[in-house]
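I open this notebook to record what I looked up, taking a few residues in turn and then the aromatic rings.

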Amino acid sequence: MALYSVDKLMVEARKLASEFRKTTGKPLGISSEIAKFDAARLMDLELVDQSKPGGYDAVGKGIRDGKLVQIKGRAILEEKKSGQRIGQLKVDQEWDCVMLVMMNEEYEPIEIYEAERAELLDDLEDTANSKRKKRGAMTV
């Protein structure tokens, strides 16, 4: 039996990440875990076991039943800074869509965007820089 609920741990993780950033000026590196938790909770997804290989983080339930979802997170800490990147898309693996969880400086979700695989791959195809396309790198 766990000592703390995951909900309680995420509240504390948000506080810790925010305070760490304010104190050191550096990210703590847990925004992706917070984003996965929030996407699953808010978008009716079931997180998958990360020890199994695959290109997705969650499987949809309800209106997204069976949809394989990659989840990316980004805390927008400097509004003026443009071109902030998200984690690489796993373009060579199986997934149906990507959800991008945008968080504020307190690591609270403020918006969640969803894009289908075909739409994202088309966008990467249009990218002039082939290295970026090959890596699956995109900016916010």
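For accessibility I call a residue buried under 20% relative accessible area, exposed over 50%, and partly exposed in between, using a 1.4 Å probe and protein chains only. This is a predicted model, in which local features need pLDDT of at least 70 and side-chain atom pairs count only at pLDDT 80 or more, while totals for chains, interfaces and linings use all residues. Residues are numbered from 1 along each chain as its sequence is written, and side-chain values use heavy atoms, with hydrogens and water left out.

Entry on L42. I found L42 in helix α2, residues 31–43, where a helix is a DSSP run of H or I with at least four residues, a strand is a run of E with at least two, and both are numbered from the N terminus. L42 has 45% relative accessibility, so I noted L42 as partly exposed. Setting aside neighbours within four places in sequence, L42 is in contact (heavy atoms within 4.5 Å) with P109 and I112. L42 and P109 are 67 residues apart in sequence, yet their C-alpha atoms are 9.6 Å apart in space.

Entry on Q70. I placed Q70 in strand β3, residues 68–75, and Q70 is buried, with a relative accessible area of 0%. Not counting residues up to four places away in sequence, Q70 touches several residues, including Y56, D57, Q88 and W95.

Entry on rings. I then looked at W95 and found R117 over the face of its ring, 4.6 Å from the ring centre; the rule asks for NZ of Lys or CZ of Arg within 6 Å of the centre and within 35 degrees of the ring normal.
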